[in-house]
Every structure is written in C-alpha cells, then in structure tokens.
Amino acid sequence: MKWIKPRDNQIMLLAALLMAALVLRLFVLTVLQHEEWTAAADDNDLRSVYTVAPRGEIYDRYGRLLAGNLPSFTVQFSRGNMRDDELNAVAASLIEILEKNGETYIDNFPIVYENGNFEYRYRIETEEWLLSQGMPADFSAEQAFDEIRRRNNIGEDLDPYEAQLDMQKLGVTPPISVVQMNYTKDMDKTAFLQRYGLETNISARDAFYAIRDYFEIDRSVPTATARKLLVLRNELKLLGYRQYVPASIATNVSDGTVMQIEEMGNKLRGVSIVTETIRYYPNGAAASHVLGYMGKISESLKERYVDELGYRPTDMIGLDGVEKSLESTLKGKDGIKEVQVNSRGELKKVISEQVAEKGKDVYLTIDLSLQQACEDILAKGLDRLQKGETFESEWGDYKYREAQPNANVGSIVVLDVKTAEPLAIANAPNFDPNLFATGIGNEDWNALQSQNPRDLLAPLPLYNVATRTAVQPGSTFKPITAIAALESGLNPNMRLYDGGFVTVGNRPYKCLLYSTNGGSHGSVNLYEALEVSCNYYFFDIATGMDFYRNKPLSYRGAIDIDKITSYAEQFGLGQYTGIELSETAAGVPNAAKKMEMTKSLLKRHLYDNAEEYFTREFLNDAALLGGSIEEIVSWTEENPKRSEIITRMRNMGIEEDRISRVADTCKSTYFNFAQWTTGDELNISIGQGENAYTPLQMANYIATVGNGGIRNKVSLVRAVEGEGILEKEAGVKVQLSNDAFLDDVIEGMKRVVKGSHGSLRSQFAGLPVSVAAKTGTAQKSGYIQPPDEVEYIKEHLSGIDASLSWESVETEMNRLMEQLPDIYASKNKAVRRAVVNLSSYSSATVEERMDAFKDSYRPFSWVVALAPAEDPHIAVAVLVFQGNSSLNAAPMAKELIARYMELDKQYSDYDLGTAIN
C-alpha cells in the first residue's frame with residue numbers, strides 16, 4: 001500500500017487501468033464483435049446524390065421553343081469509402097448490365113487497345129488532323145502553325161497570339177495552344193499522365209499497366225475487360241479528392257436498365273439512378289449557328305469551369321453560340337442530397353438536401369418562322385443554282401442561266417431596321433445541335449469538318465458564315481462612297497460621262513459594261529449610277545476627278561480614301577456589331593494593312609522559290625536564309641531603285657545569275673505596289689481591294705442607312721426570365737451634315753429595283769412591296785486546291801510536262817523534304833517545287849501549267865436590301881460563295897422579303913412583355 005500513496009504512482013496506476021480497459025474494448029470490437037459492427041457499418045453507408053439543374057430554355061421572340069430540356073435517367077457512380085477491389089467488382093457488374101442492355105456509357109479513357117496494340121487516343125486525333133490538312137503526321141505544333149500561317153498569308157511579323165486571331169477570322173482553328181506552342185491533345189495527355197504520377201514520355205502500353213496496377217486490377221483480368229474497368233475508375237479519378245461526388249457514367253438509359261440497377265442495389269454500392277435533363281433542340285438544325293452547341297469540359301477549360309466556377313468535371317457546357325455566351329445565365333444551380341443507405345442500397349435517412357434550381361429562360365430576337373423560311377430559301381436557292389435549274393416562287397420564277405456547282409455555301413441575315421435586332425441568321429451548310437447534347441461521337445464530329453481543308457471556301461457546317469466570314473462586298477459598298485462624296489459637296493443631279501475605263505500606270509480600271517461589250521453608260525447622275533452600278537462614275541466621285549474631261553470636280557471639301565473608309569467605319573463595316581456570338585472584325589482598308597500584307601506575300605514568295613533563288617550555303621542554314629529574306633522584305637517601305645536592289649542582293653546569298661530577275665520581281669510586283677496608290681482608291685470605292693466585311697456587318701450598315709443614320713448595337717437577347725425585356729442601348733448617329741444624303745442613296749437603291757435599267761427590275765417585278773436594294777459581285781482570285789496536291793500532280797503530270805516521269809518527280813520531292821525540311825515541310829509544297837526543278841519550261845510557265853487542271857474560284861454574289869422602301873422594317877443581306885453573279889443571289893432576297901411581309905402580319909399584336917410575366 002505504501003507504493004500507491006505517492007501521487008505519481010496513483011496517476012501511473014490509473015493510466016494503466018484505462019489502457020487495459022481500452023485494449024479490452026478494442027479486442028471486443030475488433031475480434032469478438034467484428035462481424036456485428038461490420039454489418040452495422042455496411043448498413044450505414046453515406047451517399048451524395050447530385051442532381052444537375054436543368055438549363056434555362058431558349059425561346060424565339062414570340063415564345064416558341066428553340067432549346068429545351070428532356071427528362072432522362074442518368075447512371076451515377078461514386079467511390080465513397082470502398083476499397084479498390086470493391087470498386088472494381090461494382091464497376092464490372094455495372095458495365096455488364098449496361099452492355100447487356102445496349103446502353104452507351106462514357107469512355108474518356110485515352111489509351112486505346114486494339115489488336116494487341118496500345119496507343120494514346122490523343123496522338124491518333126492529332127495525326128488525323130495533320131493528315132486531313134495535308135501535313136506530315138510527325139509535324140510539331142510549331143511547324144503546323146507556321147504552315148497554316150503561310151497558307152493563309154498571315155504576316156510572319158505577327159506574334160502567335162495575333163496570328164491566331166487572324167486565323168480565327170478566316171475560320172481556321174488549329175488544335176494548337178499558342179501559349180505553350182503545343183498541340184492541345186498533347187497538353188491533355190500530359191494532364192492525364194500527371195494525374196497518375198507518370199512521366200509524360202511513358203509509352204501507352206506502360207502507362208496502361210501502371211494505371212491498372214494503381215487501381216489494383218488483378219492481372220488475371222483480360223486486357224480488354226481491364227480497360228473497361230479503367231474507363232469507370234478514370235471517371236472517378238477525375239473527381240479528385242471529392243470521393244462522395246458521383247460521376248455520370250451513362251445518360252438517357254432505358255427503363256429496363258433502371259429497374260435492373262435498382263433491383264441489384266445491394267451489389268452495386270455507389271451506383272445510383274438520378275433523373276436529369278438533356279438538351280433538346282426541337283427544330284433540329286434551325287438557328288443552329290445562333291444557338292450553338294453543348295460539349296464536355298476539356299482539360300484546357302477545367303481550370304476555369306471546375307476549379308474557379310465549381311462545375312463538375314463531367315458537366316456539359318455551352319461551347320458555341322448563345323449556349324456559350326449566355327452560359328452563366330442558362331446554367332442553373334445543381335442540387336445535392338446527402339443520404340444514408342443500408343447495405344442493400346435502400347434509403348434509410350435523408351441527412352440534408354439542396355434542391356436544384358433551374359437556369360433562367362432566355363428570349364431571343366429571332367423569329368423562328370422567318371428563320372426557318374430563310375434556311376429553306378437558302379438551301380433551295382443553292383440547290384437550284386448548283387444545277388442551273390429554276391427557282392420556283394409564288395412571286396415569279398427565276399431560271400438560273402448557268403450552273404454554278406461550287407456555289408455550296410451561303411448566308412442570309414435579316415435585321416429589324418429600327419433596333420438592329422436579328423430576326424434571322426441563316427447559313428448553309430448548318431448542323432443539328434442535338435448531336436452534341438450528350439457528347440458527340442468521332443464519326444459525327446468528322447462529318448462536320450471540311451472535306452477539303454485546302455479549299456479556302458469549302459463548306460464548314462459548324463462555321464457561322466454570317467458573323468465570321470469577311471469578304472469583299474463589291475458594288476454593295478457604293479452607297480458608302482456616295483455618302484462620302486455627298487458630304488464633300490457632290491451634287492447628286494450632276495451628270496458625269498462614263499468613259500469606259502480609267503488607266504492608272506499600265507493598268508485599266510474598267511466599268512462592267514465596258515468589260516462586257518466595250519459599251520458605256522453615257523452621262524449619269526448619282527441615282528442612275530447606283531441604278532446601273534456604273535464603276536466609272538464612282539471612280540470620279542471617290543477621287544474628286546472627272547476622268548473623262550480630265551478636270552477636278554467642284555467639291556466644297558476634299559475627298560480621299562480615308563474619308564470614304566471613315567464613313568465605312570461609322571456605318572459599322574469592319575467593326576464588331578456587339579452580337580452575342582463569335583464574330584470577325586477585320587477593320588477597314590488602310591495603308592499600314594496593305595504594307596503588311598505586301599511584306600507577307602513577298603516573304604512567302606521568297607521562301608517558296610528559295611531553292612531557285614538562293615545559294616546552297618543559305619539553303620542549308622535556316623537561320624542564314626531567314627535573315628536574308630527578312631532583310632529583303634524590310635526594303636519594302638523604302639522601295640529602293642532597281643540598281644540599288646541589285647547591289648544589295650549581292651550580299652543576300654542569291655545566285656549571281658538570278659539577282660536581276662529576283663530584283664525585278666521584288667521591285668515590280670511588290671515594292672511598287674506596297675504603298676497606297678490611285679488604283680487602291682478606285683478599287684476600294686467600288687467595294688473591291690482591301691474591303692472585307694461579314695454579312696452581319698453588311699446588314700447592319702444597310703439598316704443604318706434605313707434608320708436615318710443611327711447605328712444600333714446588334715443584340716440577340718430580347719428578354720431574360722426575371723429581368724423582363726432588356727433595355728436597348730442608344731444608337732450612335734453617323735456624322736452627316738444633311739440627313740437628306742441618305743434619302744439620295746435610298747432613291748438610287750430604289751431605282752435598282754424599279755428603274756428602267758435596274759439590275760433587279762425583272763427579278764423583283766412580281767414582289768408586292770417596294771424595295772430599295774443594291775447588288776454586288778466581288779471577285780475571288782486563285783484556284784480551288786485539290787485535297788491532295790501530290791495525287792493531283794501525279795494524275796495530270798503528262799499534261800503538265802510529258803517529258804517528266806512520276807518516279808523522277810517523287811525522288812526530287814523526297815530530296816527536297818529531306819535536305820530542306822524548313823522550307824519544304826509538306827509534300828503538297830515539295831511536289832510543285834520538284835516539278836519546277838525538273839521541267840524544261842520556265843518557272844512561271846510550269847506553275848501556270850500545274851494549275852491548268854484546277855477550277856478557278858468564282859466571284860461572291862451579294863444582295864442587300866431595305867423593305868418596304870418608304871418606311872423600312874427590315875434590312876437584308878444575302879451572300880453566296882462562288883455565285884458568279886449578284887443576280888444569282890437575288891431570287892433568295894426577293895423570296896425572303898415576301899415571306900417576311902406575310903409573317904409580320906401574323907404576329908403584329910404579340911406582346912412579349914405580357915407573355916413572360
């Protein structure tokens with residue numbers, strides 16, 4: 001007892017007794033009562049049941065559904081506190097059920113296993129893209145990016161970010177990140193491997209087995225079966241530390257699958273069925289470029305959507321159109337229910353619940369009936385034009401005089417004149433956004449890509465021509481020139497004589513009538529010049545010079561190209577319209593842009609002909625060659641004398657016997673034409689040259705003419721649930737000293753339709769409404785490139801140069817690619833150089849002969865219009881690629897105007913404000 005008296009010993013004894021009790025209790029719990037407590041634990045499993053909030057629905061201006069939601073059953077799978085062997089067993093059972101019932105389940109696992117071989121899906125997709133572009137499959141991202149630069153004449157002086165913007169304006173979107181100058185798929189691969197702690201250079205096979213071991217999948221499981229398990233385990237891994245957050249495995253499953261999963265609840269721990277919605281577009285492809293499409297969150301977007309905005313990695317988001325631009329409005333707040341279930345998966349208790357909140361509904365300015373009418377009209381018009389058949393119409397048929405088989409792309413835009421609200425934006429071809437509702441498959445995706453990436457005007461179903469294609473407007477630009485001249489003091493009644501052509505330097509700038517039959521429009525005033533679209537008249541008023549009489553016009557103020565382009569800007573040409581869609585804004589012509597374009601073209605010419613021009617020393621040294629070309633290009637602004645160019649070129653690595661020829665080419669073809677010239681002014685005044693505008697910009701410009709010179713921001717959103725009809729921004733007034741100038745222009749446009757010599761007189765004769773319109777035919781130079789230049793040369797070699805054999809050309813092509821890979825990176829480029837090198841013809845002659853079997857691009861066809869002319873309600877722009885003549889776009893413009901006037905009567909009393917409240 002003496003031992004226990006000290007306080008320290010008492011404390012030690014107490015601690016020993018407590019420890020003994022704890023050990024005894026642990027023995028009872030872990031040994032004697034193990035099965036009882038295990039069963040109890042199994043009977044109290046916690047689950048998080050997530051419900052994706054329905055997206056807000058999208059309606060047209062009259063409350064008709066454009067994008068809605070359909071209920072569907074979704075299979076979800078969460079990891080919870082299960083061990084790897086338990087997860088693998090559940091995954092195997094779930095896959096068996098899904099496959100047995102013919103369900104499609106998600107497969108984002110990027111390692112493909114076929115015929116005993118392993119391969120990264122990322123690389124397959126990148127190689128497919130490279131081959132589709134006619135580039136070698138082993139091209140680096142930088143090589144591919146530079147090749148796209150060269151093909152599209154994008155200045156080498158632009159940094160990658162600026163070059164990427166120029167590519168996007170042209171509808172070219174290579175899968176390359178300019179930040180890291182790497183393929184986006186390679187970046188996805190890196191992120192995938194790092195998720196498992198693997199090196200980025202590991203082979204697909206080794207990565208597969210490493211991940212298989214990571215998830216403790218038994219090696220006895222067949223490889224194909226193991227991959228299926230990895231598909232599901234990878235989805236759970238994507239969720240990171242959130243082990244109770246479920247991954248969506250299969251959507252829109254059948255009732256039979258739902259019943260079977262619920263019946264097997266005790267064997268499918270972590271698996272749940274939830275009712276969700278999938279996006280549904282009841283009108284199919286109607287307004288597809290306005291609505292856009294949905295898609296999965298890619299690796300490159302996860303930081304923004306998952307990390308910053310709290311999306312689940314498996315969520316669908318808007319990737320284009322208003323689905324993208326209004327994502328934050330349409331996206332609802334997901335629901336989550338924390339529940340306790342027993343070992344059979346039966347619900348025991350709801351611990352907490354947050355109900356899903358639907359996103360806000362949005363009402364667009366689009367008129368679904370007019371939209372569908374425009375799409376039908378465009379499809380019908382292109383079909384008849386391609387075949388040279390008759391466009392049938394209640395308001396008068398039109399027989400296309402000549403088939404235009406390549407007229408397979410077009411656009412129609414209809415704006416409300418007073419508000420600039422888009423009533424219809426139709427493009428051909430278009431696409432069905434339902435394909436993207438749950439994630440598009442590779443086959444469907446490939447079907448929506450260009451079938452000939454080398455053809456700059458090839459159909460691109462996903463491309464919004466109306467907002468992103470900027471091309472020359474042709475004579476539809478002439479009202480801008482007229483307004484600038486009127487503002488400078490032009491008397492619209494003054495007559496000027498059409499002399500047929502104006503000569504600048506050695507080049508004639510002709511009026512169409514003179515080009516056609518050597519004729520003249522005679523003396524015309526402004527109204528008549530717009531009526532007959534007399535180029536010569538506009539050459540006069542754009543320069544303030546009466547070329548026929550060789551004397552200046554009596555303007556009160558100066559006029560020049562800058563004044564004309566400033567009015568183009570004020571009317572919205574080359575400017576962003578403000579629409580909630582991706583759009584191109586190339587700006588208006590200016591001297592700096594022409595200079596940069598000339599430099600870019602010269603640089604490309606020197607590289608393309610490097611082997612012919614430069615010595616072997618320079619050809620074998622990419623840095624030396626590049627420095628020499630940059631130096632020559634830098635002389636463009638200076639424009640030295642020919643003798644000076646020759647002297648300088650002796651130090652540039654150019655073959656001695658080629659110096660004079662190269663100097664002449666640089667001087668006469670590039671240096672002399674890099675600065676603004678009178679010829680540029682003449683071209684720009686009639687909508688040619690450096691002008692390039694989208695159909696949406698053209699429609700807004702015409703709407704501004706019809707709206708008293710007030711240019712409104714273009715917006716697709718008319719109302720939002722809970723916010724009512726949105727207030728419009730005040731428009732911007734064009735700076736005019738007299739608004740009557742707009743009336744003068746409209747009078748001339750009315751004569752295009754009603755005048756005795758108006759180009760649309762016969763076409764619009766049966767239309768029961770007055771129209772003010774302008775037509776335009778814009779030239780497109782160049783040849784339609786075949787999908788594969790090598791196969792094309794091989795097929796036509798005997799017609800190009802009968803003395804050459806294909807074997808010799810192929811050998812030379814391979815030599816060029818091997819010895820000069822920086823210049824001849826692709827076979828399509830190398831094969832042409834090979835023919836030039838081997839042919840006995842001159843370079844210029846053989847280049848011409850190589851293109852002799854290709855079709856040339858045909859002109860763009862434009863019609864812009866206001867209707868009714870006296871009190872314009874709508875502004876219309878119609879564009880047809882390779883339509884050849886503006887008259888070929890006219891039947892479509894007439895038809896849609898007539899259809900609008902009919903439809904407008906049906907909804908004249910509709911009140912959206914009342915409808916949404």
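This is a predicted model: local features need pLDDT of at least 70, side-chain atom pairs count only at pLDDT 80 or more; totals for chains, interfaces and linings use all residues.
Student: What is the overall make-up of the chain, and how much of it counts as buried?

Tutor: The secondary structure comes to 37 helices and 31 strands, and the C-alpha atoms fill a box of roughly 135 × 80 × 60 Å along the principal axes. Of the 917 residues, 52% count as buried, and among the contacts with a separation of 6 or more, 70% are between residues 24 or more positions apart.

Student: Why is Leu-98 called buried?

Tutor: The relative accessibility of Leu-98 is 0%, and buried means under 20%, so Leu-98 counts as buried. Leu-98 belongs to helix α3, and, leaving aside neighbours within four places in sequence, it is in contact with Val-75, Glu-103, Tyr-105, Ile-249, Ala-250 and Thr-257.

Student: How do you know that the span of α3 is close to what is expected for a helix?

Tutor: Helix α3, residues 84-100, has 17 residues, and from its first C-alpha to its last it reaches 24 Å, to be set against the 24 Å expected at 1.5 Å a residue. Its buried residues, including Leu-87, Val-90, Leu-94 and Leu-98, pack against β3 (65-77), α9 (223-238), β8 (247-253), α10 (255-263) and β9 (271-280). Just after α3, Gly-102 takes a positive phi of about 70°.

Student: What makes the rings of Tyr-196 and Phe-215 a pair, and why is the pair called edge-to-face?

Tutor: By the rule applied here the count comes to 24 aromatic pairs. The centres of the rings of Tyr-196 and Phe-215 are 5.7 Å apart, and rings pair if their centres lie within 6.5 Å, so these two qualify. Their planes stand at 85°, and an angle over 60 degrees counts as edge-to-face, so that is the name given to the pair. Tyr-196 lies in the loop between α7 (184-195) and α8 (204-214), and Phe-215 in the loop between α8 and α9, so the pair ties together parts that are 19 residues apart in sequence. Both residues belong to one aromatic cluster, which also includes Phe-109, Tyr-113, Phe-192 and Tyr-214.

Student: Why are β18 and β29 said to stand at the edges of their sheet?

Tutor: Five strands form an open sheet in the order β18-β17-β31-β30-β29, with antiparallel pairing. In it β18 (422-428) and β29 (772-778) each have a single partner strand, so one side of each is left without a neighbour in the sheet. Neighbouring strands of this sheet are turned by 5° against each other on average, direction ignored.

Student: What is the peptide bond from Ala-867 to Pro-868 called, and where is Pro-868 found?

Tutor: The bond is cis, with omega near -15°, and Pro-868 is found in the loop between β30 and β31. The peptide bond from Ala-428 to Pro-429 is likewise cis, with omega near 0°, and Pro-429 lies in the loop between β18 and α16 (442-447).

Student: What makes Lys-331 a charge that sits over the ring of Tyr-311?

Tutor: The charged end of Lys-331 is 4.6 Å from the centre of that ring, and the distance part of the rule asks for within 6 Å. Lys-854 lies over the face of Tyr-792, at 5.0 Å from the ring centre.

How values were computed
Residues are numbered from 1 along each chain as its sequence is written. Side-chain values use heavy atoms; hydrogens and water are left out. Helices (H or I, at least four residues) and strands (E, at least two) are DSSP runs, numbered from the N terminus. The expected span of a helix is 1.5 Å times one less than its number of residues. Buried means under 20% relative accessible area, exposed over 50%, partly exposed in between (1.4 Å probe, protein chains only). Contact means heavy atoms within 4.5 Å. Rings of Phe, Tyr and Trp (its six-membered ring) pair if their centres lie within 6.5 Å; planes under 30 degrees apart count as stacked, over 60 as edge-to-face and the rest as tilted. A charge sits over a ring if NZ of Lys or CZ of Arg is within 6 Å of the ring centre and within 35 degrees of the ring normal. Two strands pair if DSSP finds at least two bridges between them. Axes are lines fitted to C-alpha atoms, for helices over the stretch in contact, and angles run from 0 to 180 degrees between N-to-C directions.
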